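Please look over the sequence and the model below before reading on. The paragraphs that follow go from a pocket to the domains, then to the ligand and finally to the backbone.

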Amino acid sequence: MNIEEIKKKLADEIDAADKTEKIEAARVNFLGKKGHITSALAGLKNVTGDEKRTLGQAVNALKREAEALFSEKLAELRNLEERALIDAAPVYDLSIPSGEKAGSLHPITLVSRECEAIFSSMGFTVEEYSEITDDYNCFEALNIPKDHPARDMQDTYYLENGQLLKTHTSAAQNTIMRKYGKNLEAGLPIRAIFPGRCFRNEATDACHENTFFQMEGVMIDRDISISNLIYFMKTMLSEVFERDVKVRLRPGFFPFVEPGFELDISCAICGGEGCPSCKNSGWLELCPCGMIHPNVLTAGGIDPEKYTGFAFGLGLTRLAMMKFGIKDIRDFNSGKLANLTQFVH
Ligand code: DAH
């Protein structure tokens, strides 16, 4: 076969190949040990002089051309074959309900989202905060030094590197102050809530769990007072319980607030008359809170001479128990679907 004939045959075979195996076979036909182009190269030894040079150049050029054509066509066919495989694969629509009962949100998620929506509508930002923190954020920055007795009530789980699982959402206060503190000079108050999972090394019973949820809130600005605190808590709780709740403050001690309070709400069951649910007092303890201690503001880089603020630590787990009438706190982490799936909104 002369060069022109090989060229023509090459074009025909590449054209005809419609599968990767066929193009592979054609490649061997031309470039393999006994292939047409390889034989033409071998045949060069029988020619001499000028003819050898011209012919040699032509065969070598054809060889390069053939290699390029084969790899181009191979890539093209591979693509087509992959596409065909993908097209032939079964299509799954992950959004189609399984036919089983659809999932539902956890009661704590429901309450948390409700509180987030209410506080957002009052201009609070919702912050994410890590479950792992350190001694400084969880205690020191909150005016709870190493030997303070308040630590006794908040034993937790320690990591080998000295970090710990946070015992309360207050552990994020310092971070929030540092994040937004500079805005105060520009006249922007800090208004933030940070819901989160908390941990304590506790013996569990119907009212105690080693894992529970809180939602911390802080508001810091010039001239923030206890009346601001009462207003925000009353508005929020009235929305959550879908009725006008009465609130009252009793003194309570927490090292990071001064003064500190326990906030009670009027009992929904008896309307404040007194009943077994509220131990005949007409009030239910709901949310510790107070005016942020100057030491805590200072630790957060905020000048306590200029700014004041309130903080509260709402027990989300407790709130969910009250709102949905859940009697045993252990149900929340139990995975008992019969208990957990009935609150779908
Ligand atoms: N962090 C406290 C706890 O878990 C609750 C708390 C009390 C939070 C008073 C506050 C506060 O923000 O002002 O026991």
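**Pocket, ligand and backbone**

The second largest pocket has a volume of about 320 Å³. Here a pocket is an open set of points on a 1 Å grid over the protein atoms alone, where a 1.4 Å probe fits and protein lies on both sides within 12 Å along at least five of seven lines, and lining residues have an atom within 4 Å of a point; a volume is the space filled by probe spheres set on the points, which are joined across faces, edges and corners. This is a predicted model, in which local features need pLDDT of at least 70 and side-chain atom pairs count only at pLDDT 80 or more, while totals for chains, interfaces and linings use all residues. Residues are numbered from 1 along each chain as its sequence is written, and side-chain values use heavy atoms, with hydrogens and water left out.

The lining of this second largest pocket consists of 16 residues, and Ser112, Glu116, Pro195, Gly196 and Phe213 lie nearest its centre. Helix α5 (107-121) and strand β4 (190-199) each supply at least two of the lining residues, with the largest share, 5 residues, coming from α5; helices (H or I, at least four residues) and strands (E, at least two) are DSSP runs numbered from the N terminus. By class, the lining has 6 nonpolar, 4 polar and 6 charged residues, where Ala, Val, Leu, Ile, Met, Phe, Trp, Tyr, Cys and Pro count as nonpolar, Asp, Glu, Lys and Arg as charged, and the others, Gly among them, as polar.

The chain is assigned domain 1 (3-88) and domain 2 (107-340), with bounds that come from an automatic or database domain assignment. The C-alpha centres of domain 1 and domain 2 lie 76 Å apart.

Which residues are closest to the ligand? They are His168, Ser170, Arg200, Gln214 and Glu216, out of 16 that surround it, a residue being near if one of its heavy atoms lies within 4 Å. Strands β5 (211-221), β8 (283-292) and β9 (308-315) each supply at least two residues of this shell, which divides into 7 nonpolar, 7 polar and 2 charged. Among the polar contacts (pairs of N or O atoms within 3.5 Å), an N or O atom in the side chain of Arg200 is 2.9 Å from an oxygen atom of the ligand, and a polar side-chain atom of Gln214 also lies 2.9 Å from a ligand oxygen. For Ala311, a backbone N or O atom lies 3.1 Å from an oxygen atom of the ligand. Taken alone the ligand exposes 350 Å², of which the protein buries 94%, by the Shrake-Rupley method with a 1.4 Å probe.

Most residues other than glycine have a negative phi, and most peptide bonds are trans. Glu258 and Pro259, however, are joined by a cis peptide bond with omega of about 0°, and Pro259 lies in strand β7 (residues 257-266). Asn143, which is not a glycine, has a positive phi of about 65° and lies in the loop between α6 (135-138) and β3 (164-165).

Key: A polar contact is a pair of N or O atoms within 3.5 Å; within protein, one must be able to donate a hydrogen and the other to accept it, and residues adjacent in sequence count only if both atoms are side-chain atoms.
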